[in-house]
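Hi,

Here is the structure I promised to pass on. Have a look at it first, and then read my notes below.

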Amino acid sequence: MKKIILIAALILAIWNYYEEQQPRPENRSGLLAEFVQSVQGQVLKKDPKFQCDARKYCPEMTSREEAEFFLRFCPDAQLDDNHNGIPCENDARF
């Protein structure tokens with residue numbers, strides 16, 4: 001009987017330790033937000049040749065790469081008519 005109680009106490013101690021090591025749900029969302037911000041910052045730092053400005057339509061873009069940047073990072077960009085993630089797909093210049 002003592003062995004069973006000892007094993008149960010050991011299992012309970014391991015369980016408590018495991019629970020303490022798990023991140024809390026409120027911390028998970030914060031960590032995710034920090035990760036997304038850092039990734040976006042890295043992408044923006046890698047490609048400084050484009051910057052968001054007042055342009056938002058396909059005729060105002062000079063390349064497909066620029067249109068992709070504007071679609072991904074700039075608010076109010078109206079470059080994807082059918083919302084499939086491909087900007088200016090009907091523009092013959094690209």
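**What I found**

Apart from its neighbours within four places in sequence, Glu66 touches Phe50, Arg55 and Met61 (contact means heavy atoms within 4.5 Å). One of these partners stands out in my notes: the side chains of Glu66 and Arg55 make a polar contact at 2.8 Å. A polar contact is a pair of N or O atoms within 3.5 Å; within protein, one must be able to donate a hydrogen and the other to accept it, and residues adjacent in sequence count only if both atoms are side-chain atoms.

Before you go on: this is a predicted model, where local features need pLDDT of at least 70 and side-chain atom pairs pLDDT 80 or more, while totals for chains, interfaces and linings use all residues. Residues are numbered from 1 along each chain as its sequence is written, and side-chain values use heavy atoms, leaving out hydrogens and water.

Glu66 sits in helix α3 (residues 64-73); helices are DSSP runs of H or I with at least four residues, numbered from the N terminus. Is Glu66 buried or exposed? Glu66 is buried, because its relative accessible area is 6% (buried means under 20%, exposed over 50%, partly exposed in between, with a 1.4 Å probe and protein chains only).

Ile4, in helix α1 (residues 2-21), is exposed, with 57% relative accessibility.

As for the whole chain, it has 3 helices and 0 strands, in the order α-α-α. Of its 94 residues, 16% are buried.

Cheers

Terms used
Helices (H or I, at least four residues) and strands (E, at least two) are DSSP runs, numbered from the N terminus.
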